[in-house]
Amino acid sequence: MTIDELALSFEGLLEKKKKVTIISHFNPDGDAVGSSVGLNGYLLDMGYDSRIVLPSTIPPFLDFLDPEHNIIYYSEDKQRAKATVNDCDMIVCLDFNKPERTEWMSDLLTSAKADKVMIDHHPSAVREGFSIVISDTGASSTCELLFRVLMAFRHTEGRASSLSLNSLTAIMAGILTDTNNFNNSVTPHTFNIAAEMLKAGVDFDFLNNMLFKRFSESRMRLMGHLLKDSMKLERNSQVSCMVLSLEEKKKFGIQDGDTEGFVNLPLMIKGVEVSALFSESEDFIKVSLRSKGSFSVNALAKSYFNGGGHERAAGGRLYIPIGQVRDYFSESLEQFLLNNRRV
């Protein structure tokens, strides 16, 4: 079925429901929050009892998308989150391709009796347990795909102006963050959709300022520290590796989300094709991988970093001491290149 046909099936299923819960992935980014808030706004305007439940809190720089603090966080209020999920008759899963991406909410999601719909742009979407799966790996973001879905609804008649400005703003925020301000994974459709939303009243300057120009002083100082003291170039300066320890994060007063976008910075250097950022937390080391050209960081993440993602934007986790990370990355990269005959 086409995206438009699946969208109409989704709309038809929605018409039989009253209570909807929207769920996105652990450590929600701009695409997760933007798609959740955008869809939630549409459903509320249509008279649904709709709620957003996220596994963990959103980064501070996205707080303007939830000014009334309506999002329910499983990490802060498990009882309310569980009650919301179990009491609804439809669950819409946004910006993740398998229940495990919700971390500790995975069992709650899979055991819920409600009809489940997935809208996502990541590869290898799991279809078992879902009534409808709307997946397009060619979309720049889940927000772009969600906009296409909503525009295919009979009710909207393909008019961006049929959505509230709040919903449109949230959807545009997700597109901007997932494309790194239109630098990655964009297609003509991405720009056409952005143009439609601008015509409908979205304030691009406002979003640009809120998303990219209001970071803390500590974040800027950490950025300088990483580039000056942590970034190491390997393989004839084609590969960049940065490591951020828990001690350094505490020293700079860094909060979750403050390192968003750091992994992209080395790709601005001429000749750098692959960038890796390893950020230590209490329980694991978060792995962020980015690339240019044909190098698949998705395959690298799957093979060596317990993760996956897109071809040029992927992530994962490591469970080793932070002091061993650089050696492990170098060895893994060499083995990966050898296996893929890229030496």
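Mentor: A polar contact of 3.3 Å links the side chains of D178 and H121. Polar contact here means a pair of N or O atoms within 3.5 Å; within protein, one must be able to donate a hydrogen and the other to accept it, and residues adjacent in sequence count only if both atoms are side-chain atoms. This is a predicted model: local features need pLDDT of at least 70, side-chain atom pairs count only at pLDDT 80 or more, and totals for chains, interfaces and linings use all residues. Residues are numbered from 1 along each chain as its sequence is written, and side-chain values use heavy atoms, with hydrogens and water left out.

Trainee: Which residues does D178 touch?

Mentor: D29, D31, H121, S140 and S141, not counting residues up to four places away in sequence. Contact means heavy atoms within 4.5 Å.

Trainee: What packs against α6?

Mentor: The buried residues of α8 do. Those are L207, N208, M210 and L211. D203 caps the N-terminal end of α8, with a side-chain oxygen 3.2 Å from the backbone nitrogen of D205.

Trainee: New topic. What is the strand order in the open sheet?

Mentor: β7-β8-β9-β10-β12-β11, six strands with mixed pairing. Two strands pair if DSSP finds at least two bridges between them.

Trainee: Which strands stand at the edges?

Mentor: β7 and β11. Each has a single partner strand, so one side of each lacks a neighbour in the sheet. β11 pairs with β12 in the antiparallel sense, over two bridges. There, G309 is opposite A314 in β12.

Trainee: Which strands does α12 touch?

Mentor: β7, β8, β9, β10 and β12. Its direction makes about 150 degrees with that of β8. Axes are lines fitted to C-alpha atoms, for helices over the stretch in contact, and angles run from 0 to 180 degrees between N-to-C directions.

Terms used
Helix = DSSP H or I, 4+ residues; strand = E, 2+ residues; numbered from the N terminus. Buried < 20%, exposed > 50% of the residue type's maximum accessible area, 1.4 Å probe, protein only.
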